[in-house]
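I opened the model today to look up a few local features. My notes are below the display.

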Amino acid sequence: EGGKACTVVPLVEGGANVMLGNIAGEIPLYISALKGHKATVEVLLSQCQTEGLAWQAAESYGDGWSPLMAAVVAHRPDIATC
């Protein structure tokens, strides 16, 4: 939850599952979008696109909100435009 893109890059490159959520169903992309960690969001979005992961589907999340919805509600317009 620290938003450290420099830490996320080697994890992703090492094969970390970017769609693995916590107990509440929140994946790293969701948490990063909610907290406004733009560089981390960009790394995670890139990985989702590379792997063809459907990160946009709200039903994939515990609370039914997509990372985009979380960014908008948290007033993070810079994240919503990534």
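I worked from a predicted model, where local features need pLDDT of at least 70, side-chain atom pairs count only at pLDDT 80 or more, and totals for chains, interfaces and linings use all residues. Residues are numbered from 1 along each chain as its sequence is written, and side-chain values use heavy atoms, with hydrogens and water left out.

Entry: helix α1. I took helices as DSSP runs (H or I, at least four residues), numbered from the N terminus. Helix α1 spans residues 5-13, and its A5, V8 and V12 are buried. They fall within an arc of 55° seen down the axis, so they line one face of the helix. That arc is taken over directions from the helix axis to the C-beta atoms. I scored burial as under 20% relative accessible area, exposure as over 50%, and partly exposed in between (1.4 Å probe, protein chains only). C6, L11 and E13 are exposed on the other side of α1.

Entry: what the buried side meets. The buried residues of α1 pack against α3 (38-51). Just after α1, G15 has a positive phi of about 100°.

Entry: Q47. I found Q47 in helix α3. Q47 is buried, at 17% relative accessible area. Leaving aside neighbours within four places in sequence, Q47 is in contact (heavy atoms within 4.5 Å) with V12 and V18.

Entry: cysteines. C6 is exposed at 64% relative accessibility. C48 is buried at 1%. I looked for cysteine sulfur pairs within 2.5 Å. The disulfide count is zero.

Note on methods: Helices (H or I, at least four residues) and strands (E, at least two) are DSSP runs, numbered from the N terminus.
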